[in-house]
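My entries follow the display.

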Amino acid sequence: SVHLYFLADRFQGFLIKHHATNLAVSKLETLETWVMPKKVFKIASPPSDFGRLQFSEVGTDWDAKERLFRNFGGLLGPMDEPVGMQKWGKGPNVTVTVIWVDPVNIIAATYDILIESTAEFTHYKPPLNLPLRPGVWTVKILHHWVPVAETKFLVAPLTFSNRQPIKPEEALKLHNGPPRSAYMEQSFQSLNPVLSLPISPAQVEQARRNAASTGAGLERWLDSLVGGMWTAMDVCTTGPTACPVMQTCSQTAWSSFSPDPKSELGAVKPDGRLR
């Protein structure tokens, strides 16, 4: 089972309950692991003199009223349609350039955004041809073609389709990017040298091999991608364990098995209060 973990209304990651074999005693134990997405927003180095950008993120299910992505954790697959969001500080009207780069350095989209002086958030969903190539994507933000910042997001390959392990022909169709690697009608290939984004034939060939993988090979590829974007923060046990240093979930503050005082109501006190 998976719980979303929030602390002070801020998303902290997932709490995953799972089984694991304790190899020392060859016994199955039930654990809960807290996993958190790694920080992927990065200001350019050296920093530009453009100071309005505060944060950028990519996801789906953008809630314009609450100004957050409802897809907590940004879990994306090849057939999703991601939205790029930027958060701005106050300042003069400016135009910035946003560039989306796929895992093999193919420039999928580029567009300009006019940021008005009072704008706090901007968001845009580029009309990309699907499927998206699985792997780590980069979204770069430039001002006068000088890098300001970048963020990354993971498009995860699918291991199942229609509740069955994915078949080789389906995997190749979903994991090899759009036909002719054309995410849009126009090609942005001429920008690759300008942005120092070389396309390596070896990298393209490796992506093609990954796209054809199924079974254990596909699982290894997915695990390596997820491991690069997520961190296991802590682990606890829900029951008996042969590991002497393993903490008990019921006594671990972050665990979904530990008491949550906010959700417990007792008798009404003499002063009319519940707490």
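The entries below begin with the ground rules and then go element by element.

**Ground rules.** I am working with a predicted model, where local features need pLDDT of at least 70, side-chain atom pairs count only at pLDDT 80 or more, and totals for chains, interfaces and linings use all residues. Residues are numbered from 1 along each chain as its sequence is written, and side-chain values use heavy atoms, with hydrogens and water left out. I take helices (H or I, at least four residues) and strands (E, at least two) as DSSP runs, numbered from the N terminus.

**Helix α4.** I checked the length of α4 (residues 215-229) first. Its 15 residues should span 21 Å at 1.5 Å a residue, and the end C-alpha atoms are 22 Å apart, which agrees. The expected span is 1.5 Å times one less than the number of residues. I then listed the buried residues of α4: Leu218, Trp221, Leu222, Leu225 and Met229. Buried means under 20% relative accessible area, exposed over 50%, and partly exposed in between (1.4 Å probe, protein chains only). Down the axis of α4 the buried residues fall within an arc of 95°, so they line one face of the helix; the arc is that of the directions from the helix axis to the C-beta atoms. Arg220 and Asp223, on the other side of α4, are exposed. The cover over the buried residues includes β3 (27-37), α1 (168-175) and α3 (201-211).

**Cores.** I define a nonpolar core as a set of buried Ala, Val, Leu, Ile, Met, Phe, Trp, Tyr and Cys residues joined through side-chain atoms within 4.5 Å. The largest has 37 residues, of which Trp100, Leu128, Trp137 and Phe153 touch the most other members. At least two residues of this core come from each of β5 (53-59), β9 (94-101), β10 (107-115), β12 and β13. Another core, of 11 residues, lies apart from it and has Ile166, Leu218, Trp221 and Leu225 among its members.

**Sheet.** I found an open sheet of 3 strands in the order β5-β8-β11, with antiparallel pairing. Two strands pair if DSSP finds at least two bridges between them. The edge strands, β5 and β11 (121-124), each pair on one side only. β5 and β8 (residues 83-88) pair over 6 bridges, and serine 56 has glutamine 86 in β8 as its bridge partner.

**Leucine 274.** I located leucine 274 in the segment after β16. Leucine 274 is partly exposed, at a relative accessible area of 43%. Not counting residues up to four places away in sequence, leucine 274 touches Leu265, Gly266, Ala267, Val268 and Lys269, contact meaning heavy atoms within 4.5 Å.
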